[in-house]
Amino acid sequence: QCYQQAAVKDPQYGPAQRQLGIIKLLQKDETGAAALLRKAVILDPDDALAGQQLVDIWRKQVAKNPLNPDFHLGFAGALQLTGDFNGAE
């Protein structure tokens with residue numbers, strides 16, 4: 001609830017978005033986690049933990065279903081957001 005309150009008081013506060021994303025991961029809500037972690041990385045491109053968690057979500061999605069182009073697109077987007085332009089390409 002504290003992270004949620006922080007995010008409501010300041011929606012531009014990346015650490016709250018990151019922590020909410022990690023909680024979603026722990027709850028097995030990968031879609032919700034990815035959205036929150038993506039927002040955290042956009043708000044703070046230097047947040048290495050948020051970036052790594054986001055990349056890991058998409059890496060696992062690609063591993064589960066390597067034929068799904070949407071998963072590859074999500075993975076590439078996560079890599080691009082975290083500054084790995086070669087990997088994204």
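Q: What's the average pLDDT for the chain?
A: The chain of this predicted model averages a pLDDT of 96, and 100% of the residues score at least 70.

Q: Where is confidence lowest, and where is it highest?
A: Confidence is lowest in helix H1, residues 2–9, with a mean of 92. Helix H4, residues 48–64, has the highest, at 97.

Q: Staying with H4, how do the axes of H4 and H5 cross?
A: They cross at roughly 160° and come within 8 Å.

Q: Parallel or antiparallel, then?
A: Roughly antiparallel, because the angle between H4 and H5 is over the 145 degrees that sets that class.

Q: Left-handed or right-handed crossing?
A: The crossing of H4 and H5 is left-handed.

Q: Which residues meet there?
A: From H4, the residues are Leu54, Val55, Trp58, Arg59, Gln61 and Val62. On the H5 side they are Asp70, Phe71, His72, Gly74, Phe75, Ala78, Leu79 and Leu81.

Q: And by class, what does the contact of H4 with H5 have?
A: It has 9 nonpolar, 3 polar and 2 charged residues.

Q: Let's take Leu79. Where does it lie?
A: Leu79 lies in helix H5, which covers residues 69–81.

Q: Is Leu79 buried or exposed?
A: Leu79 counts as buried because its relative accessibility is 8%, and the cut-off is under 20%.

Q: What is Leu79 in contact with, leaving aside neighbours within four places in sequence?
A: Val55, Asp84, Gly87 and Ala88. Of these, Val55 is also listed among the H4 residues that meet H5.

Q: What about Trp58, what separation do the C-alpha atoms have?
A: The C-alpha atoms of Leu79 and Trp58 are separated by 9.2 Å, with the two residues 21 apart along the chain.

Q: Left-handed or right-handed for H2 and H3?
A: H2 passes H3 in a left-handed crossing.

Q: Which residues make the contact?
A: H2 contributes Gly14, Gln17, Arg18, Leu20, Gly21, Ile22, Lys24 and Leu25. H3 contributes Glu30, Gly32, Ala33, Leu36, Leu37, Lys39, Ala40 and Leu43.

Q: How many nonpolar, polar and charged residues does the contact of H2 with H3 have?
A: The contact has 8 nonpolar, 4 polar and 4 charged residues.

Notes
Residues are numbered from 1 along each chain as its sequence is written. This is a predicted model: local features need pLDDT of at least 70, side-chain atom pairs count only at pLDDT 80 or more; totals for chains, interfaces and linings use all residues. Side-chain values use heavy atoms; hydrogens and water are left out. Helices (H or I, at least four residues) and strands (E, at least two) are DSSP runs, numbered from the N terminus. Buried means under 20% relative accessible area, exposed over 50%, partly exposed in between (1.4 Å probe, protein chains only). Contact means heavy atoms within 4.5 Å. pLDDT is the predictor's confidence in each residue, from 0 to 100. Axes are lines fitted to C-alpha atoms, for helices over the stretch in contact, and angles run from 0 to 180 degrees between N-to-C directions. Angles under 35 degrees count as roughly parallel, over 145 as roughly antiparallel, 65 to 115 as roughly perpendicular and the rest as oblique. A crossing is left-handed if the near helix is turned anticlockwise from the far one by less than a right angle, and right-handed if clockwise. Ala, Val, Leu, Ile, Met, Phe, Trp, Tyr, Cys and Pro count as nonpolar, Asp, Glu, Lys and Arg as charged, and the others, Gly among them, as polar.
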